[in-house]
Amino acid sequence: MDKDSDMERLMNETKLKYYDLEEIKNKFSQYGPREPYSISDNEYRLFTAALSCLPKNIVDKVNDEVQFVLLSYEDNSAQKNVNQACYIDLKRSIPEDKKAIIVLSPLIFRWQNKRGILHEIAHHILGSWDYSNFEDIAIKEREVEAKVNEWMKDRFGK
Ligand SMILES: [Zn+2]
């Protein structure tokens, strides 16, 4: 086995397991920067970069089951109509098969917190949201963080 074919094999495995950024952008285009009222280009880049860390089956599950509500930070963006707040008609504007809502506040975009996005997705994937006490919160939060670590390690090897 020479080095080049090893590299090629690795790239093919990655292609099988993960969507590339363009595929993610196509799948989540409903959240893309468009007039009026959306997050900015930079913020959409962070959002899709986070999703691209996840294996395909998780991306598809998230796309099917989670409605995101994205609130922009960039008040100085070239886009004037970024989201400050939003109204959602639960019955008519969210598809029936959605099971959860993840709200990303302007702080997640301000701090470029890709892990924070993955953290909330891990809550959905692990079904951990119903806490019985403070100790339970700590346990479940640790499980969620472990899941994020696992995804990052699988994707980037660290
Ligand atoms: Zn949490």
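## Leu51 and its contacts

Beyond its neighbours within four places in sequence, Leu51 is in contact with Ile24, Phe28 and Val59. The model described here is predicted. Leu51 is also one of the residues of helix α3 that are buried.

## The chain as a whole

The chain holds 8 helices and 2 strands. Read from the N terminus, its elements follow the order α-α-α-α-β-α-β-α-α-α. The C-alpha trace spans about 55 × 45 × 30 Å along its principal axes.

Of the 158 residues in the chain, 18% are buried.

## The nonpolar core

In soluble globular proteins, nonpolar side chains tend to be buried together. The largest nonpolar core of this chain has 23 residues. Phe47, Ala50, Leu51, Leu70, Ile117 and Leu118 have the most contacts inside this core. At least two core residues come from each of α3 (41–51), β1 (66–70), α6 (106–110), α7 (114–126) and α8 (134–156). Helix α3 gives the most, with 5 residues.

## Helix α3 and its partners

The buried residues of α3 are Glu43, Tyr44, Leu46, Phe47, Thr48, Ala50 and Leu51. They pack against α2 (21–27), α4 (56–65), β1, α6 and α7.

Two packed helices are described by the angle between their axes and the distance between the axes. For α3 and α7, the angle is about 55° and the axes are 9 Å apart. This angle makes α3 oblique to α7. The crossing of α3 past α7 is right-handed. On the α3 side the contact is made by Leu46, Phe47, Ala49 and Ala50, and on the α7 side by Lys114, Ile117 and Leu118.

## Helices α7 and α8

Helix α7 also packs with α8: their axes come within 9 Å and cross at roughly 115°. The two helices are therefore roughly perpendicular to each other. Their crossing is right-handed. From α7, the contact is made by Arg115, Leu118, His119, Ala122, His123, Ile125 and Leu126. From α8, the residues are Glu143, Val144, Glu145, Lys147, Val148 and Trp151.

Leu118 of α7 takes part in the contact with α3 and in the contact with α8. Leu118 is also among the residues with the most contacts inside the largest nonpolar core.

## Helix α1

Is helix α1 buried or in the open? Of its 15 residues, the number buried is 0, so α1 lies largely in the open.

At 1.5 Å a residue, the 15 residues of α1 (residues 3–17) should span 21 Å, and the end C-alpha atoms are 21 Å apart, which agrees.

## Gln112

Most residues other than glycine have a negative phi. Gln112 is not a glycine, yet has a positive phi of about 50°. Gln112 is found in the loop between α6 and α7.

Gln112 has 14 C-beta neighbours inside 10 Å, so this residue counts as partly exposed. A residue needs 20 or more such neighbours to be buried, and 12 or fewer to be exposed. Gln112 and Asn57 lie 55 residues apart in sequence, and their C-alpha atoms are 25 Å apart in space.

Notes: Residues numbered from 1 in each chain as written. Predicted model: local features only at pLDDT ≥ 70, side-chain atom pairs only at ≥ 80, totals over all residues. Core = buried A, V, L, I, M, F, W, Y, C linked by C-beta atoms within 7 Å. Helix = DSSP H or I, 4+ residues; strand = E, 2+ residues; numbered from the N terminus. Contact = placed C-beta atoms within 7 Å. Expected span 1.5 Å × (residues − 1). Axes fitted to C-alpha atoms, helices over the stretch in contact; angles between N-to-C directions. Parallel < 35°, antiparallel > 145°, perpendicular 65-115°, else oblique. Left-handed = near helix turned anticlockwise from the far one by under 90°.
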